[in-house]
Each structure stands twice: as structure tokens, then as C-alpha cells.
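This report looks at helix packing, nonpolar cores and a few individual residues. Please keep the sequence and the structure in view while reading.

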Amino acid sequence: MKNLELHCTIILVAWTLLIVILERIFPYRRGLPIFREGFWVDLVWYTLIQSFVLKIVIFDWIIYPLDQRWSLSEWKLLYHWPLWAQVAFFLVTHDLYIYWFHRWQHRNKILWRTHEAHHSVKEVDWLAGSRSHSLEILINQTIEFAPIVLLGARPEVVPIKALLDACWGMFIHANLRINLGPFKYVLNGPEMHLWHHADELQVYHRNFATKLSLWDWIFNTAYLPGRQPLKWGLWYPFPKDYFLQHAYAFWRFDFRRLEENPRWQWYFAWRQQLMNAIKQIIKSSYSPDNLPVSRTHQKEPAEAL
Ligand SMILES: [Zn+2]
Ligand SMILES: [Zn+2]
């Protein structure tokens, strides 16, 4: 299992590099910078910190306690299926669920508040998909992973499914000009999902699919006009800070006045100092003096924080 997790991490890093390089060679929109607005918020807060915390909340506080109470996984209902069939089963069923839930989020004013952060990126790229309100992730990933554990699937299904989610999420948001040809009727790609992020009235209720575009074609919500969107992101102002983006879902306040407030600016500067201090601690714990020689090459990930 440890080996599988290591392999998944290596594949994810390699996939990220591949997508970033392909974005440079075959861009959908020319001239998008790598370090676009909100890049660090998406990478540090949404991708690293939020994912780490939510993994603990979803598995250790919700799914495993539920399983301890009901002992459903002991039935091992799916355990004896081939591994590929288990992964395929959860991939298709969850994808159908998320299509309908996503549609509902665009219709329902309360649920929209959990989804608007995802639409707030204007320069959509490989990293943009990670920007999702923690409440949205909490709902969707609990519904995604609870059945895998409770129906007694093989434990390998969880990291494989998480890897597929991460890679596919990166792909559909990538600033990539790619034509899937006839596969576009089954598989979702940037061609359709980038349109979902457009600020154009005719697509506010179109292209809801995540992995399988099939749902959009079956349920008549596909939109592919053969041109590029003119405007991107939300049609109203939205905060840039991670915590303000979270708070804004519950309380509509004048965030621009707050951002100009000296106390907020002091707090923001203090938070950056805190992040720098954490970075220093991580760097020093990876220093050559504290590590066996063979591990010194691991300094690079800490630099990226
Ligand atoms: Zn959406
Ligand atoms: Zn998206």
C-alpha cells in the first residue's frame, strides 16, 4: 500500500509537469502567465493545506467512525471484484452524482455559494480546479469515498481514485488547445470545461460534466460553439484571499473596504511572516546536517512552499 501511494505521488508529479509543459506549447489562450493571479492561494491554501486538513476530517472524523459504528466494510461487498472493475464502478457512479450535484449548485442560490469560488479564477489553468470551497469538497469527497470504504472495496481503490481525480481535474482545467475528436462525446476535456468557466450567459447552465462528458450530451447540457469565450470567471467582484473567499460564502460584506483596513493589512502581513517562519522551520529540518546524505535531495519540495 505504501508502495502504491508512492507510485501515485510520482505519477501525479510527472503528470503535473507534463501538463504545465504542454500548456506552454499548445495554449488555449496565448500569454497566460504561469504565476497568474491567485496562483499561490490556489497552490498553498487550496491544494496543500486545505487538502491535507480535509483528508483528516473526511476519513478520520467522518468515514472511519461511521464504519466503526456500522461495520459495513466487514461485509466486503465489492472486495472480490477485479480491482479495475471496482475503480470503474466508483468512477462512473460518482461522476454521475457529481454531474447532478454540480447542476444543482448552479440552480440553487445557497449551493451556489459553495461553488462560486471555483468559478472565481479568471486565468483558468491546470491549478484552477483546486480552488473549491472546503464545504463543497467536504460534501463531494465524503460522498465519493464513504461508499468505497463502507462497501468494502479494496483499499487500493482510494489512492487510485484520488489520483484519477487529481489528474483529470488538472487536465480539464488546463489552458490546453486539444481536440478530443469523437472521444469528446464520452470524455470531458479542456475543450468543454474551459467553456464552463466562461462569463457568458449561454454557458451558465452548460457543461457540468467532470470526467465523462457523456452526461452533458445525454442530458442535453453540452455547449461547444467552436470559438473561444470572450470573458472569464464570475460576473461580480469576489475576494482574493482564501479566508475571505470562505467567509464570503456565508456573509456578503464589503471585502474591498476590509482589504484597505489597516488592521486587516497588519493581520495579512503577520500571516505572511508566519508562513515564512514555517518555511524556515521546514527548510532547516531538511538541512544536510539533520539528514542522512541520501535524503538531502528532498530539500526542493520545501522550497516550493
Ligand atoms: Zn460550475
Ligand atoms: Zn472547473
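In which hand, right-handed or left-handed, does α2 pass α5? The crossing is right-handed. The model discussed here is a predicted one.

## Packing of α2 and α5

Helix α2 covers residues 39-70 and helix α5 covers residues 134-150. Their axes are 10 Å apart, and the angle between them is about 45°.

On the α2 side, the contact is made by Q50, L54, V57, I58, I62, I63, L66 and D67. On the α5 side, it is made by S134, I137, L138, Q141, T142, F145, A146, V149 and L150. By residue class, this contact of α2 with α5 consists of 12 nonpolar, four polar and one charged.

V149 belongs to helix α5. Is V149 buried, exposed or partly exposed? It counts as partly exposed because it has 18 C-beta neighbours inside 10 Å, while a buried residue needs 20 or more. When neighbours within four places in sequence are left aside, V149 is in contact with I63, D67 and S73. Of these, S73 is 76 residues away from V149 along the chain, yet their C-alpha atoms are separated by 6.2 Å.

S71 lies in the loop between α2 and α3, the latter spanning 83-107. Its phi is near 55°, a positive value in a residue other than glycine. S71 is exposed, because 10 other C-beta atoms lie within 10 Å and the limit for an exposed residue is 12 or fewer.

How do α1 and α6 lie relative to each other? The axes of helix α1 (residues 2-25) and α6 come within 10 Å and cross at roughly 5°. Since angles under 35 degrees count as roughly parallel, that makes α1 roughly parallel to α6. From α1, the residues in contact are L4, E5, C8, I11, L12, W15, T16 and I19; from α6, they are P159, L163, A166, C167, M170 and F171. The residues of this contact of α1 with α6 comprise 12 nonpolar, one polar and one charged.

The axes of α3 and α6 are likewise 10 Å apart, with a packing angle of about 50°. These two helices are therefore oblique to each other, and α3 passes α6 in a right-handed crossing. Q86, V87, F90 and L91 of α3 meet V157, I160, K161 and L164 of α6 in this contact. The residues of the contact of α3 with α6 divide into six nonpolar, one polar and one charged.

## Nonpolar cores

Which members of the largest nonpolar core touch the most other members? They are I19, W126, M170, F171 and A174, out of 16 residues. Helices α6 (157-173) and α7 (190-196) each supply at least two residues of this core. Its largest share, four residues, comes from α6. Another core, of eight residues, lies apart from the largest one. F145, I148, V157 and V158 are among its members.

F171 is also part of the contact of α1 with α6. Not counting residues up to four places away in sequence, F171 touches I19, G189 and P190.

## Two further residues

N207 is found in the loop between α7 and α8, where α8 spans 214-218. The phi of N207 is near 55°, which is positive in a residue other than glycine. N207 counts as buried because it has 22 C-beta neighbours inside 10 Å, and the threshold for burial is 20 or more.

I21 is found in helix α1. Is I21 buried or exposed? It is exposed, because 10 other C-beta atoms lie within 10 Å. I21 is 66 residues from V87 in sequence, and their C-alpha atoms are 29 Å apart in space.

Notes: Residues are numbered from 1 along each chain as its sequence is written. Chains are lettered from A and ligands numbered from 1 in the order in which they are written. This is a predicted model: local features need pLDDT of at least 70, side-chain atom pairs count only at pLDDT 80 or more; totals for chains, interfaces and linings use all residues. Axes are lines fitted to C-alpha atoms, for helices over the stretch in contact, and angles run from 0 to 180 degrees between N-to-C directions. A crossing is left-handed if the near helix is turned anticlockwise from the far one by less than a right angle, and right-handed if clockwise. Two residues are in contact if their C-beta atoms, placed from the backbone, lie within 7 Å. Ala, Val, Leu, Ile, Met, Phe, Trp, Tyr, Cys and Pro count as nonpolar, Asp, Glu, Lys and Arg as charged, and the others, Gly among them, as polar. A nonpolar core is a set of buried Ala, Val, Leu, Ile, Met, Phe, Trp, Tyr and Cys residues joined through C-beta atoms within 7 Å. Angles under 35 degrees count as roughly parallel, over 145 as roughly antiparallel, 65 to 115 as roughly perpendicular and the rest as oblique.
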